[in-house]
Amino acid sequence: MSSASFLQGLFGLDGQVAVVIGGTGVLCGAQARGLAAAGARVVVAGRDAERGNAVVDAIRLAGGSATFHTVDVAERDSVETLCAAVVAQHGRVDMLINGAGINFASSYDELPEADWSRVLRIDLDGVHHGCQVFARQMSCQPDGGAILNIGSVTAHTPLSRVIAYSAAKAAVVNLTRNLARELASARVRVNALCPGFFPAEQNRAILAPERVEKILAGTPLGRFGEPDELVGATLLLLSRSAGSFITGAIYYVDGGFTAMRL
Ligand SMILES: NC(=O)c1ccc[n+]([C@@H]2O[C@H](COP(=O)([O-])OP(=O)(O)OC[C@H]3O[C@@H](n4cnc5c(N)ncnc54)[C@H](O)[C@@H]3O)[C@@H](O)[C@H]2O)c1
């Protein structure tokens with residue numbers, strides 16, 4: 001067997017259907033492009049049609065297959081509409097990434113109630129909506145499916161000034177483990193990918209110069225991540241061949257941030 005066909009057997013996703021919620025953004029956009037390059041038919045989903053269509057165009061330009069659908073993960077009905085649309089278009093859903101997320105920075109004392117609620121609604125309830133709605137579809141399919149929730153290093157080590165976000169991401173990790181148990185008999189694997197620090201839209205305001213210095217000092221590899229550096233772990237966790245015995249895993253791609261203490 002050639003090395004190309006060996007790798008294709010492990011990581012190839014030819015014809016499989018991948019829904020990337022939050023594929024409109026920096027990190028999940030890179031994941032969407034990676035899944036398409038591995039052969040998946042990708043559905044990029046999010047609130048921002050302009051950004052979503054730009055990701056779709058990039059995938060098609062590279063010879064891949066992609067379409068865009070609008071979704072607001074805060075609204076369960078919207079996630080149900082997305083799932084129904086994908087099944088109408090493709091007949092199945094093999095993989096889901098739950099990556100929509102927002103973040104606001106403030107001290108705990110000054111944290112507005114509305115910001116707390118909005119972050120929990122999108123970053124936690126949104127993941128729950130994706131898991132429950134798409135797991136119902138996957139569990140009707142003979143070969144099930146795989147879900148990848150996007151956590152964060154802050155699920156492991158709470159970060160100052162992003163307290164609602166930290167609480168939401170810790171809950172996403174707990175939910176992921178619980179659903180790995182809950183959905184195993186339906187042949188649905190559920191894992192979480194926890195990125196370290198990658199400059200993106202939602203954290204631009206949080207990355208003040210003095211904070212950047214502390215982050216890089218606390219990251220053994222001494223730099224920010226590049227979005228494409230999430231693709232390898234994404235393929236591993238979502239591939240039904242390479243990832244066949246992986247469920248309930250919390251996988252950090254963080255340049256060593258969570259390994260570091262002093
Ligand atoms: N960038 C980082 O350093 C980092 C680190 C750890 C975890 N993460 C997580 O990675 C994921 C992607 O974030 P990113 O950094 O690429 O940010 P991003 O802002 O580029 O992407 C987030 C996307 O989510 C979309 N979104 C927001 N609310 C939504 C809603 N209600 N419904 C549908 N879509 C919605 C936004 O429009 C945006 O396109 C998030 O879950 C984030 O928390 C990012």
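I take a nonpolar core to be a set of buried Ala, Val, Leu, Ile, Met, Phe, Trp, Tyr and Cys residues joined through side-chain atoms within 4.5 Å, where buried means under 20% relative accessible area with a 1.4 Å probe and protein chains only. The model is predicted, so I note that local features need pLDDT of at least 70 and side-chain atom pairs pLDDT 80 or more, while totals for chains, interfaces and linings use all residues. Residues are numbered from 1 along each chain, and side-chain values use heavy atoms, without hydrogens and water.

**Cores.** I looked up the largest nonpolar core and found 45 residues, with Val 19, Ile 21, Leu 82, Phe 134 and Ile 147 having the most contacts inside it. Helix 5 (113-138) is among the elements that supply at least two residues each, and helix 5 gives the most, with 10. Helices (H or I, at least four residues) and strands (E, at least two) are DSSP runs, numbered from the N terminus.

I then checked Leu 82 for contacts (heavy atoms within 4.5 Å). Beyond four places in sequence, Leu 82 touches Val 19, Ile 21, Val 43, Ala 45, His 69, Val 71 and Phe 134. Another core, of 31 residues, lies apart from the largest one and includes Leu 27 and Ile 150.

**Cys 28.** I located Cys 28 in helix 2. Cys 28 counts as buried because its relative accessibility is 4%. Its contacts beyond four places in sequence include Val 20, Ile 97 and Ile 150. I also noted Leu 230, 202 residues away along the chain, with its C-alpha atom 8.9 Å from that of Cys 28.

Note on methods:
Buried means under 20% relative accessible area, exposed over 50%, partly exposed in between (1.4 Å probe, protein chains only).
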